Amino acid sequence: MAHSRVHKDRGELRIHENLDELGTDLAEYIAELSEASVKERGVFAIAISGGSLIGLMGKLCEAPYHKTVDWAKWYIFWADERVVGKTHADSNYKLAKDGLLSKVPVVPSHVNSINDSVSAEEAADDYEFHIRQLVKTRTINVSDNSDCPKFDLILLGMGPDGHVASLFPNHPMLDEKSEWVTFITDSPKPPPERITFTLPVINSASNVAVVVTGESKAEAVHLAIDDVGPDYLSLPARLVQPTKGKLVWFLDKPAASKLDGFQFSE
Ligand SMILES: O=C1O[C@H](COP(=O)(O)O)[C@@H](O)[C@H](O)[C@H]1O
């Protein structure tokens, strides 16, 4: 049974007994947001990440979700992408296509992947331009207090170093305020060339979920959520603070094991 509590300023924490339970809760959460968004706006604009997240979304391809979700209304984007070919093993697009998108009836023209035949800088510019067109038509909603896109849902993973999307600790891209999509050519985690949503875009979303599993990430989870003092305020995962949207953390027990008070909530 999942343990859920609302942190005073870091959103809702859902701590799961195991990966199976987490996968079930995550699929239900995404399906509910999809239904609400389709009812309200006629579409569901969702941005996904790569890494372990895709495997954890697997239950969406199974009953009942493969039939009950209105897949034709989904518009899919990437919160970050590695600048490699779409058939490359490092491609977040390939990961999602193989693990999810090829198994459900999404509309191919609604799958908004990056241009993989140009430089990282050009790919970021292209992707931002593309998103701007879809904000104009309101396929992607617009923020109430800036011109930023307001995705219905942004799904993030987190690395053991606290990176989210391709926003890495101590990198100047964390200070980017005007671009929606930026690029990196010296990523500390290979491959080096990537594009990523910036923090203003992530924090303008209606819903942001950070999905983190495994003991290797327990320290970063603690630093991203607990009151740990000024040294960690700029940890990328800590900078995920939706302005008006809702933040939910999906954790398994090993990832949550270093959270303050974890032993008392078991
Ligand atoms: O490089 C990346 O890493 C993060 C975390 O991946 P995980 O496998 O540790 O969950 C991922 O969220 C991001 O999209 C990816 O490009």
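How many residues does helix H5 have, and how far does H5 reach from its first C-alpha to its last? The views below start there. This is a predicted model, in which local features need pLDDT of at least 70 and side-chain atom pairs count only at pLDDT 80 or more, while totals for chains, interfaces and linings use all residues. Residues are numbered from 1 along each chain as its sequence is written.

**View 1. Helix H5, from end to end.** Helix H5 covers residues 120-136, which makes 17 residues, and reaches 24 Å from its first C-alpha to its last. That is close to the 24 Å expected at 1.5 Å a residue (the expected span is 1.5 Å times one less than the number of residues). Helices here are DSSP runs of H or I with at least four residues, strands are runs of E with at least two, and both are numbered from the N terminus. After H5 comes Arg-138, with a positive phi near 65°.

View 2. Ala-120, Ala-123, Ala-124, Tyr-127 and Ile-131 are buried. A residue is buried if 20 or more other C-beta atoms lie within 10 Å of its own, exposed if 12 or fewer, and partly exposed in between, with C-beta atoms placed from the backbone. Seen down the helix axis, the buried residues of H5 fall within an arc of 100°, so they line one face (the arc is that of the directions from the axis to the C-beta atoms). On the face turned away from them, look for the exposed residues Phe-129, Gln-133 and Lys-136.

**View 3. Strand S2 and its two partners.** In strand S2 (residues 11-16), 5 of the 6 residues are buried. S2 runs antiparallel to strand S1 (residues 3-7), joined by 5 bridges, and the two form a hairpin with 3 residues between them. Strands pair if DSSP finds at least two bridges between them. Ser-4 sits opposite Arg-14 of S2. S2 is also joined by 5 bridges to strand S12 (residues 246-252), this time running parallel, and Leu-13 has Trp-249 as its bridge partner in S12.

**View 4. Strand S12, well enclosed.** Of the 7 residues of S12, 6 are buried, so the strand is largely enclosed by the rest of the structure. Strand S11 (residues 207-212) runs parallel to S12, with 6 bridges joining them. Here Asn-207 stands opposite Lys-246.

**View 5. Around the ligand.** The ligand has 13 residues around it, and Ser-49, Gly-50, Gly-51, Ser-52 and Gly-157 come nearest. A residue is near if its C-beta atom, placed from the backbone, lies within 6 Å.
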